[in-house]
Amino acid sequence: MQREYKIAVIPGDGTGPEVIREGLKVLKAVAKKYNFKYETKVFDWGGAYYLKTAKTLEDKDIEDLKRFSAIYLGAIGDPQVKTGILERGILLKIRFSLDQYINLRPVRLYDSRFCPLKDKEPEDIDFVVVRENTEGLYKGIGEFRNKDTPEEVAIQISYNTYKGIERCIRYAFEYCRRRNKKKRVTLCGKTNVLTYAWDLWERVFYEVAKDYPDIQTDYTHVDATCMWMIKNPEWFDVIVTDNMFGDIITDLGAMLQGGLGIAAGGNINPQGISMFEPIGGSAPKYTGQNIINPLAAICALAMMLENLGEIQASQAVENAVIKVATTKLKSLSAGKMGYSTEEVGDLVVENL
Ligand code: IPM
Ligand code: MG
């Protein structure tokens with residue numbers, strides 16, 4: 001049977017379109033090689049669209065997205081638009097409306113040259129963060145009281161449901177089992193201070209763990225997690241955490257890999273439509289210069305292919321990325337690769 005996919009492409013803002021272009025170039029080549037078909041539809045949501053139409057994403061756009069096999073996103077965020085509008089109106093709206101409750105962010109070092117830590121080898125930095133992606137502080141619950149007065153109070157609530165935590169933690173254990181490496185799931189939280197949210201997280205964690213006797217459990221506070229990520233990153237296998245902590249520690253994780261130029265993530269609804277993106281953001285200062293690293297977007301493509309069931313194609317893309325990164329690039333950072341954005345995309349295609 002012919003495998004065929006419909007991909008919604010949202011290039012978005014800043015350098016998003018430049019890196020997505022390279023990702024699509026790789027998709028075209030890998031589809032030919034592994035004999036599957038796909039159609040893409042490009043959506044122009046983002047800063048420019050908002051400035052023109054005063055619209056972010058409407059409910060009918062979400063309905064439209066439901067027709068696709070997956071979503072491939074560049075970046076959302078434009079300095080000309082008040083911060084938060086596009087992030088909440090597009091990126092978070094998709095994550096929430098499509099119930100993409102897992103944000104899966106692998107942290108993998110491909111070459112010790114790229115790591116800011118001394119004496120760390122690729123085998124030392126190889127873990128995955130499972131970030132809860134629809135709740136916590138991101139839920140947007142809160143209020144101002146006595147706004148614009150010296151008595152002002154701003155309240156921002158972290159919203160955590162048993163069901164939301166349970167499905168996230170269970171995903172982490174399942175993923176850990178499939179990954180079959182160190183077989184350890186670490187809960188990253190803050191039980192010593194955030195005594196409601198993390199009490200529930202901790203209870204659910206140990207309850208779910210009972211179903212996985214083959215997997216070790218561990219707990220670290222989020223501050224200590226940051227310390228251990230630098231001191232002993234080799235201890236980690238799968239880290240599971242809430243939305244806010246996951247956001248923070250995955251930027252730190254990206255640095256261990258060599259920068260945001262290589263870090264990719266998947267916003268996953270295991271029963272629905274998932275969205276894949278480089279995690280670096282729109283990088284306005286590099287826009288239009290053909291110097292941004294497209295490998296993160298290409299790694300996001302590899303994650304998307306895996307999610308679609310194109311395992312061989314996904315592996316081939318990741319292997320090509322590894323080859324290009326380790327044998328060609330001087331650095332993974334924008335402007336320092338020794339190649340342009342387009343050339344890096346071409347190199348990946350040549351190495352498929
Ligand atoms: C990320 C980003 C987003 C987040 C922003 C752009 C809203 O930092 O994907 O990590 O906070 O989730
Ligand atoms: Mg982030």
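I will start with the pockets and end with the strand.

This is a predicted model. The largest pocket holds about 830 Å³ of space. It is lined by 31 residues, and nearest its centre lie Leu-104, Pro-106, Tyr-175, Met-303 and Glu-306. Elements giving two or more residues to that lining include β4, β5, α5 and α10, while α9 gives the most, with 5 residues. By class, the lining has 17 nonpolar, 7 polar and 7 charged residues. Domain 1 and domain 2 each supply at least three residues to the lining of this pocket.

Next, the second largest pocket, with about 410 Å³ of space. There are 22 lining residues, and Glu-87, Leu-91, Arg-95, Tyr-138 and Asp-247 are the closest to the centre. Here the class counts are 10 nonpolar, 4 polar and 8 charged. Where does this second largest pocket lie? Domain 1 and domain 2 both give residues to its lining, so it lies between them.

Which element gives the most to the lining of the second largest pocket? That is α4, with 5 residues. Helix α4 covers residues 85–97 and has a kink of about 30° centred on Leu-91. Leu-91 is buried in α4, as is Arg-95. Just after the helix, Asp-99 has a positive phi of about 50°.

Last, strand β10, residues 238–241. Val-238 and Val-240 point one way, Ile-239 and Thr-241 the other, and all are buried. β10 pairs in the parallel sense with β5 over 4 bridges, and with β8, also parallel, over 4 bridges. Ile-239 stands opposite Val-129 and is the bridge partner of Thr-186.

How values were computed
Residues are numbered from 1 along each chain as its sequence is written. Chains are lettered from A and ligands numbered from 1 in the order in which they are written. This is a predicted model: local features need pLDDT of at least 70, side-chain atom pairs count only at pLDDT 80 or more; totals for chains, interfaces and linings use all residues. Side-chain values use heavy atoms; hydrogens and water are left out. The bend at a residue is the angle between axes fitted to the seven residues ending there and the seven starting there. Buried means under 20% relative accessible area, exposed over 50%, partly exposed in between (1.4 Å probe, protein chains only). Two strands pair if DSSP finds at least two bridges between them. On a 1 Å grid over the protein atoms alone, a cavity is a set of points where a 1.4 Å probe fits but cannot get out, and a pocket is an open set with protein on both sides within 12 Å along at least five of seven lines; lining residues have an atom within 4 Å of a point. Grid points are joined across faces, edges and corners, and a volume is the space filled by probe spheres set on the points. Ala, Val, Leu, Ile, Met, Phe, Trp, Tyr, Cys and Pro count as nonpolar, Asp, Glu, Lys and Arg as charged, and the others, Gly among them, as polar. Domain bounds come from an automatic or database domain assignment.
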